[in-house]
Structure formats: structure tokens, C-alpha cells
Amino acid sequence: MSRRIVDSYRKKLAGEEGYVVKHGAALRIALCYPNTHAIGMANLGLHTMYELFNQLPDVSCERVFLPDADDLKEYERSRTPLLSLETQTPVRDFDVVAFSISFETDYLNMARMLQLSGIPVWSSERNHFHPLVIMGGAASFLNPEPIAEFTDIIAVGEGEILAYQLVDAILENETKDDILLALARIGRGFYIPSLYDVVYNDDDTVFDYIPNADGVPRRVGRALAAVNPKEGTLRRAIKRGEKELADFLIGQDIFCPSTSIWSPGAEMGDRLLVEISRGCSQGCRFCWAGYNYYPPRVVPAKDILAKAAEWRSKTNKIGLVSTAVCDHPEISTILRELRAMDYRITVSSLRLDQISEELLDALVESRDQQIAVAPETGSDRLRRVINKNLTNDEIVDICGAVFDRGMLTVKLYMMVGLPTETQEDLDEMFVLVERIKDRMLQAGKKFGRAGKIIPSLNGFVPKPNTPLQWDAICDEKELKKRIKYVCKGLSRIPNVDVRFMSARIAHEQALFSSGDRRIAKVIERAASLRGDIDRALRETNVDPAFHTSRDRSYEEFLPWSIVDSGLSFEFLRTEHEKAREALSSLPCPAVEKCTTCGVCPSTWLADAPPSLIQIQPAKVRQALAAV
Ligand code: SF4
């Protein structure tokens, strides 16, 4: 074992507070983040799972990261197996190796980490002496198939619910086979790829997944942590002055996901991150995060503020994590109280239509945040296609409100290659950015300086379980041509600094997000070839266009259909048809008894045992910890 690696890990630990070292626990979990420590520590999912696992007395959970460049060289030179951070134990000596994967782009890193650990990458090559390999996180349940053959257990849904069931099954069953079967038979939350045979049609599309053991469900339901109160219900109760109902909803005792380890050396490690809500009501048709976290739910202000008070002695910086910050019914209270505590506030994303004056004021005051907004495209028509219900006039007004506060630099997220996109749509991007730039210069006169507009262009990648899942990605050459055209046009506008993602990267993302089980061999090969995906595709004889570049029919069995996200086929199809006609839809109302998309308790969650749909209340967790 390399002394240099051990020293480098101990140095990292010396700069942290709040990590846990437990000896003699019955179950040892290596919690792996498929990227470096600096990046991984900004991931709230990792913090949450670390806290949840370590709260259980029988469990000790340690972190493992992809080594950074210097450590990696040393690992390879010294042939040291990959080590955990806390106790520098070889990962292969843990009982469970659990990956938290938020982005498909990290699949190669995941395979590389298994290789570095000396654990066989393919689940079929592991036996009961090897750790159980588990994948969780948003990417893994959106479409588990590309990583299915690496994995013993895929967590389908949200960790707050699944962590406890997983630990129970492992501790209460003798053999690996018994554990896998027990989890599969729960029917929701755990997908065991080895318990399904995949059958293909003659044209190579998937025909079906056939369970190969008794009691294994044909589809695996998504487990949902029901952070109460539901956003819409509380918002209306507050608006209508229904104090009793509002108090009841606010008073519910819930788990508030937040930073659990203070790690100032990492990205965002010097601030408290708190998840204030999950999911988004707007239903933008390209957005996987919106649909796959339906229904939107919030953490009550009192729990967020309690965390903030607890951490104030450590930091004056707080990051509010949410896909829709201003949708929180108590956002005014949260901002007011955080400012009163003298916190500098940043937010993970801003939805243009919802930016409130008070949030803008708080962000300006924090002096810490570059405002990034997402018009997505320059055309009102195309925005209706993706159900982003905003006009160019509104976007210019909102940017104006930002500029008038002296924040003269704005980042604009935009996509190229959206379904039905025309030359006119692309040209409208120039008009929109020109208008925003003029508005910026006008505001700049007041402050005696000019700012900058930073359009950030991404190729559109169709995502599973969204209404655009049936669409092909724009052909690579064509996408490259369009990105070049837009970049060139925008670069001619003064005070504009364009950034873009290559068409190649968009196509790689599409392959990993929409592929089936056969993509695993590309991932494994590319990980061995240090990321050379082109060569891996050639060597494995996989045609990426089959997985990414054809429109799929409504009749096709989609590879990710093994997971029942709760969204009904009829809902997604209707939304897809409306996209084709540029017709917009209303947002998710987040109310009891709504059946619009199929997710809520009025539909499949109605039959779920309460433990599956309730986030683990703090009281229950405390009771568990005391047992
Ligand atoms: S069923 Fe209705 S309230 Fe529930 S997530 Fe779907 S649209 Fe929203």
C-alpha cells in the first residue's frame, strides 16, 4: 500500500469536520462517488446517504472518490488497490460498494473505480466473497440498463426511503442470493438485473424483460420519499388563510437533506448546502429532473432554518438546493430569516418566471453568485414545444430586473437541436441575446460600467421518462453545424462571450442515457482505454446511432421501461403530441387527488405501504438508532 496515498488522504481528512469513523460495525459500506473529492463533496446526495447510513448503529459508511490526477498516478505506480478516505481500507474489503451516480457522464469513472479496486466489473464474474455492488442516484434509476450488468442492486428512487430497506435486507438474509431475492420481491425500489432475462426482437429493439425467479415483479416501481407538506397544498392553505391546515403541514417532522461534512477544500465545501425542495411543477418537456421527481415536494422553512442556525458558527454562506427555489411556499420567510442571520445566499438554479424581487435582492447582497438563467432557446414557438411558458419579452424584462440591481453579468443556458427547430428559431437566438445585451448596456450607464452576456450552448439530449423520450438526437454533423452557426452569430454581438458543449459530447451523453444493456461493454472498454469512447465503440461493434439517432415509435418497448416511474404512457404520449404542435400544458398542481400524470397517491402510490412514501421522520430515525 502506498504511503503517499495514505498521507494524502489523511491530509484531506485533517481539513474536514463531521466525518465518521466507526469500528466493529456489522455492515461496512464504501460509499463511492464517481468523480474526485473536490467535485463529489458538492453533491448533496452523497452527504445525505453518508448521514443516513452512519445514523444506523449497525452500519459504518466511508467515502471513496475517483483519485485526482496525482493520486491516480501513484495508485497505478504502486499498484495500490483503491482505498476509502476515512480509514484507508481497500474498497474490495467492504461488504457493500454503493455508488451514488447523478450523471451518466460519470459511468466511465464508476467502471474505472471498480477496476482500480480489483473488483470484477461484471456482476456475473463476482462471487459471494466480493462486496455487493449497488448503484443509486438519479442517473441510475432514470435508465438503469447501460450499467445493469455491472450491478447487483440498482436503487430505484430516493435514498431516504431505500437506505433502511437495503440495510435490513442485507442484515436479515444469509446469502447474496437471498438478499437479492428479498429486495426484488419488495416490488418497488430495488431492481436486480440478474433476476431478469432480456429478450430482443429481430430488429434488435428490446422485446421485454422476463423475471427468472418467483415473486419478482415484471416492472420495478420507483420509491418516493414523500417530503411533506406537498408544495401546492401548503401554498393554497397559506393563501386562503387556512392556518390550522398550514400549521399541520409545516409542523410535520421530516428529514432535511443538507451538508453533513464540512470540507472547505472542496467545491462549495465552505458553505452549508440545504435541499429546500425536490422536483419542479412546470413540466418542461425536456427536463428529466422535473418528471422524475414528481410530485414536487418541499422541506418546511422551520427545518431549513434550524439547520442554518446550527451551522452559522461555521460559515456565513448557504446554498439553497432546488430545481425551483421560488416555488417554495415559504420562500419569503426563508430568505428573510437567513438574511437576519447574516447569511450570504446562493441558489442552485433560477427559474426565470419565478424570480422574485426579494430573491434577487438576497442574491445581490450575497455578492457571491453569478446569475444564470435558462431561456433554453430564442424562439417563443420553440419554447411552447418544450413547454417552457415564457416569452422573449418576459425574459428581457427579467434580465433587466437583474441588471438594474447592478449585476451586469448574466449567463444564459440555451439548447441547440431541439425537436422541430428551424433556421428561424436559431436566428431568433441572436435577436434575443441582442435585446438582452441592449438592456444590459442601458442599465450599465447607471453604474458606469458595461457587463457581459454569457450564452452557454448545449446540444439537446432526449432523456428517458420525459415526453421527448421518443425523439432522436439531432444528427451529429448537423448538430455541429448548428452549434457553429449559433456560436458565430452570437460572437459578433459586442459584450457577448459564448461557451458551448460539443456535438460529440451531446451524442456520448445520449448513448449513455438512452442505451440498453449492450452499452455496458462500451463503458467497460472505454474505462480501460482511459475514456476513448470512439475506439471502444469500434472494438465492441456497437452502433451508437441505433440507440440515439432514430425516432422511436410509441409501440417500441423502451429499454428503461423496466422501471415504473409512475408517469403514465398516455400522459407522456399526449405531452409528446402536444410538443409536436407547439401546444403548452399546465404545470403539475401538486394536490391530492390529481391524476394527471399518474404519479400521486391517488394512483399507484395509493396502494403503497406508508413506509414507502413517507420520508423517514427524524423521530423514527432516532428510535432506530437507539435500538
Ligand atoms: S398526479 Fe398530478 S399532482 Fe401528482 S405529480 Fe402528477 S401532475 Fe402532479
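**A close look**

Tutor: E74 counts as buried because its relative accessibility is 5% (buried means under 20% relative accessible area, exposed over 50%, and partly exposed in between, with a 1.4 Å probe and protein chains only). Keep in mind that this is a predicted model, in which local features need pLDDT of at least 70 and side-chain atom pairs count only at pLDDT 80 or more, while totals for chains, interfaces and linings use all residues. Residues are numbered from 1 along each chain as its sequence is written, and side-chain values use heavy atoms, with hydrogens and water left out.

E74 sits in helix α4, residues 69-78 (helices, H or I with at least four residues, and strands, E with at least two, are DSSP runs numbered from the N terminus). Setting aside the neighbours within four places in sequence, E74 touches S2, R4, I5 and R79 (contact means heavy atoms within 4.5 Å). Take I5: it is 69 residues from E74 in sequence, yet the two C-alpha atoms are 7.1 Å apart.

Now let's turn to a strand. β2 pairs with strand β1 (residues 27-33) in the parallel sense over 7 bridges (two strands pair if DSSP finds at least two bridges between them).

The structure holds 5 cavities of 30 Å³ or more (on a 1 Å grid over the protein atoms alone, a cavity is a set of points where a 1.4 Å probe fits but cannot get out, and lining residues have an atom within 4 Å of a point; grid points are joined across faces, edges and corners, and a volume is the space filled by probe spheres set on the points). The largest cavity contains about 90 Å³ of space. Its lining has 13 residues, and Y9, K12, H37, F65 and L66 lie nearest its centre. Helix α1 (3-14) and β2 each supply at least two lining residues, with β2 giving the most, 3 residues. By class, that lining has 7 nonpolar, 2 polar and 4 charged residues (Ala, Val, Leu, Ile, Met, Phe, Trp, Tyr, Cys and Pro count as nonpolar, Asp, Glu, Lys and Arg as charged, and the others, Gly among them, as polar).

For contrast, consider the second largest cavity, with a volume of about 60 Å³. Among the residues lining this second cavity are A510, S514, H547 and W560. The elements giving two or more residues to its lining are α19 and α22. That lining divides into 4 nonpolar, 5 polar and 3 charged residues. Helix α19 is mostly covered too, with 9 of its 12 residues buried, including A510 and S514.

Note on methods. On a 1 Å grid over the protein atoms alone, a cavity is a set of points where a 1.4 Å probe fits but cannot get out, and a pocket is an open set with protein on both sides within 12 Å along at least five of seven lines; lining residues have an atom within 4 Å of a point.
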